[in-house]
Amino acid sequence: MTKISIAVLGGGSMGLLLAARIGAAGFGTSVWTRTREQAHLLAEQGILLKDAQGTAIRRVSVQAAPIEEAPANIDGLIVFNALKQTGLTEPLLRQLDSVLAKNAAIVSFCNGIGHIERIAAAVPGRPQLAAVTTEGALRTGPAEVMHTGTGGIWLGRAPLFEGTSSDYVQMPTEDRIKGMANVVREAGFSIFLSNNMTERILRKLLVNSVINPLTAVLRVRNGELLATEDRLRLMRSLFEETLSILQRSGLPSSEGLWEELLDVCARTARNESSMLQDVRNGRATEIEAINGAVARLAADRGLPAPRNETMAGLIRSLSGE
């Protein structure tokens, strides 16, 4: 099998978890960060990997560089994109295009939708895969991460959602997909190759479009959304509107999805959503990739989306976007 080179783009929770687990499995791993300071720490200290209770498991050595100093034209490189969509700025995408060889592959773990289209436009010609994960991670420092919950990782064709029809980005070859799946499996993750990433992505978008903005507006943890009938009614109304839009965009069924949403809230009861954390810390949120994206899908299909538009407006107001 051809030797696989891995670069993880992003030094947040999921980026550090992927890099630590892959590096611990014996695969050479680089982390490309947005700041020089974090890259220096990672190169000097490695990543401290901790379990869900915060106990140190091991320290994993990795190579690291800020994105503007990433090594260019590595043959056959696989880039695990673990940035939030807010991190996919035009300058960063231009830099990514300048350093990636034409046979590099990009695997994106981003929440929401719209990132596949942006990457395809800014970094043309490189094959892509979409990834959806239910793994839990929490960055506890610039060079340390807790693996807060085990789940799974689904990989498959990267769908495009712009306009009124669906299409897909060019995929890596079958051998390379098997190779990267083996890397993820050897790193200790449960890996599933999916023939329907459209459904996977839209199901996660449905969950995020309810939990993320409501926890951010109400300033509550995920589980606290279930605490009162008023909050449940808010959840249900936003869920029903979003579901009707996503069903017109490729989500095949509504069976069990409300129960799935309630289960996510219960299983992650003590978690603070990333959107709540961003609002509290005055950072840009992913609202445009989540509820803003749902509202754009609705407009493309001639559907109303007043609740999603309201959520997007409230979050923009809270975060000053």
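**Terms and the values behind them**

Mentor: Please bear in mind that this is a predicted model. We begin with a pair of strands: β3 (residues 47-50) and β10 (residues 144-149) run in the parallel sense and are joined over three bridges.

Trainee: What makes β3 and β10 a pair?

Mentor: Pairing requires at least two bridges. Strands β3 and β10 have three bridges, so they count as a pair. In this region, Leu48 stands opposite Glu144 of β10.

Trainee: To which sheet do these strands belong, and in what order do its strands lie?

Mentor: The order is β4-β3-β10-β9, in an open sheet of four strands with mixed pairing.

Trainee: Why are β4 and β9 called edge strands?

Mentor: β4 (56-60) and β9 (136-141) each pair on one side only, and are the edge strands of the sheet. On average, neighbouring strands are turned by 25° against each other, direction ignored.

Trainee: What does helix α1 touch when it packs on the sheet?

Mentor: Helix α1 (residues 13-24) touches β3, β4, β9 and β10, and its direction makes about 100° with that of β9.

Trainee: Why is α7 called roughly perpendicular to α11?

Mentor: The axes of α7 (residues 229-247) and α11 (residues 306-319) cross at roughly 115° and come within 8 Å. The range for roughly perpendicular is 65 to 115 degrees, and α7 is therefore described as roughly perpendicular to α11.

Trainee: What makes up the lining of the largest cavity?

Mentor: It is lined by 13 residues, of which Cys110, Gly112, Val132, Ile201 and Lys204 lie nearest its centre. Helix α6 gives the largest share of this lining, four residues. By class, the lining of the largest cavity divides into seven nonpolar, five polar and one charged.

Trainee: Which residues line the second largest cavity?

Mentor: Among them are Gly112, His115, Glu117, Phe161 and Ile201. The largest share, three residues, comes from helix α4 (residues 115-122).

Key: Residues numbered from 1 in each chain as written. Predicted model: local features only at pLDDT ≥ 70, side-chain atom pairs only at ≥ 80, totals over all residues. Heavy atoms only, no water. Helix = DSSP H or I, 4+ residues; strand = E, 2+ residues; numbered from the N terminus. Axes fitted to C-alpha atoms, helices over the stretch in contact; angles between N-to-C directions. Contact = heavy atoms within 4.5 Å. Parallel < 35°, antiparallel > 145°, perpendicular 65-115°, else oblique. 1 Å grid on protein atoms, 1.4 Å probe; cavity = no way out; pocket = protein on both sides within 12 Å on 5 of 7 lines; lining within 4 Å. Nonpolar A, V, L, I, M, F, W, Y, C, P; charged D, E, K, R; others polar.
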